[in-house]
Amino acid sequence: MSEQIALDHLTLADHELFHDRKGQACPLPAPLAPLADTHGHLTSFRAHDPAMALARAALAGVRLLVVPIDAVDDVPGRWGSVPEVLSWLDEQVEIARACLDECAELGFVPPVFEGYDVPDLLDNVHIVAGVHPYGAESLDDDAMARIRELLASPRCVGVGEFGLDLGPYSKVPREVQEDAFRRQLRLAHEMGLPAELHIRATAGDMLSNAYVDAARILSDEGVPEKGCDLHCFTAGLKVMENFARLGCHVAFGGAVTFTRSEDIREAATFCAERRLLTETDSPYMAPVPLRGEECEPAMVAFTAACVADVREKAGRGSRKATYDALWRNACDLFGL
């Protein structure tokens, strides 16, 4: 890869990582601690190159990325076998490493975080493995075997994403989703791993439906000893409090930055510091000021800044305290 190609892909020609649809620079919020994207789908990009997204994330200050691998949609949906998808991920990491080496020669390097002894991002890319509720009908013995094969990878740090989706795009019967939820939750218990949960309620009914059922299932089966998180949290304060009482972490993504997301920001404001996480759910729901673009792990910088800002304004701790907690909580949840 030539230096010019690297620059073109990373949009660094004006020394800025991010630009809106009009080509205007969107300055990166300076992170006060290493950033963690606890849920970013490298396997699902439409426009971004996965290796370049990794390089850009490193330059933005991301030092931990957890990539969900779906044992139905990704394997065999996109790759023929578990070794193929894991080899593909290894390859993206190495391409990104070569790109960052070239960028360093041009003076573009990841930020340094004084007082932190943390790995480089490309040495800290991990996976979770599971089957999304959309694929619950395909969670047969073969799919469970693929999950177990993925869990055996040295990169694997959890089970997920799985859960309940009662949103407008889900066609899978509720009872089928619940069975898949319970099977994968039991697997997390068996393997001594944390779980990443996908919970989507019927629009406009955040206090019932999927959230009530998910809480019931967690109460029945128990929250895994290593913990779990509600990935891509888009509900409000009451839902957050219910799951926090069960011992769940809450992962805030780009939706917390949206203009009409006062309820999500309230939940982020009053979430216990020890339960806070950030993610992107890339390539979905890019944060403001890049809403409408294809999301990527680097954009977690904007989400972390939003969460830190609203908590400081509400007297819930300094921006630095929030950044520290977001990093510490991610490492603790995934045993890193």
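The largest pocket has a volume of about 980 Å³, as computed from a predicted model. Its lining takes in 41 residues, and those that lie nearest the pocket centre are His198, Arg200, Cys232, Asp281 and Met285. Strand 2 (62-70), strand 4 (156-165), strand 5 (195-200) and helix 8 (262-270) are the elements that each give two or more residues to this lining.

Aspartate 281 sits in the loop between strand 8 and helix 9, and its phi is positive, about 55 degrees, even though it is not a glycine. With a relative accessibility of 9%, aspartate 281 counts as buried, because the cut-off for that label is under 20%. Methionine 285 belongs to the loop between strand 8 and helix 9 as well. This residue, also not a glycine, has a positive phi near 50 degrees. Methionine 285 is partly exposed, its relative accessible area being 31%.

That loop also holds proline 289, placed between strand 8 (276-278) and helix 9 (300-313). The peptide bond joining valine 288 to proline 289 is cis, with omega at about 15 degrees. Another cis peptide bond links glycine 160 and glutamate 161, and here omega is about 0 degrees. Glutamate 161 is found in strand 4, which is one of the elements giving two or more residues to the lining of the largest pocket.

Terms used:
Residues are numbered from 1 along each chain as its sequence is written. This is a predicted model: local features need pLDDT of at least 70, side-chain atom pairs count only at pLDDT 80 or more; totals for chains, interfaces and linings use all residues. Side-chain values use heavy atoms; hydrogens and water are left out. On a 1 Å grid over the protein atoms alone, a cavity is a set of points where a 1.4 Å probe fits but cannot get out, and a pocket is an open set with protein on both sides within 12 Å along at least five of seven lines; lining residues have an atom within 4 Å of a point. Grid points are joined across faces, edges and corners, and a volume is the space filled by probe spheres set on the points. Helices (H or I, at least four residues) and strands (E, at least two) are DSSP runs, numbered from the N terminus. Buried means under 20% relative accessible area, exposed over 50%, partly exposed in between (1.4 Å probe, protein chains only).
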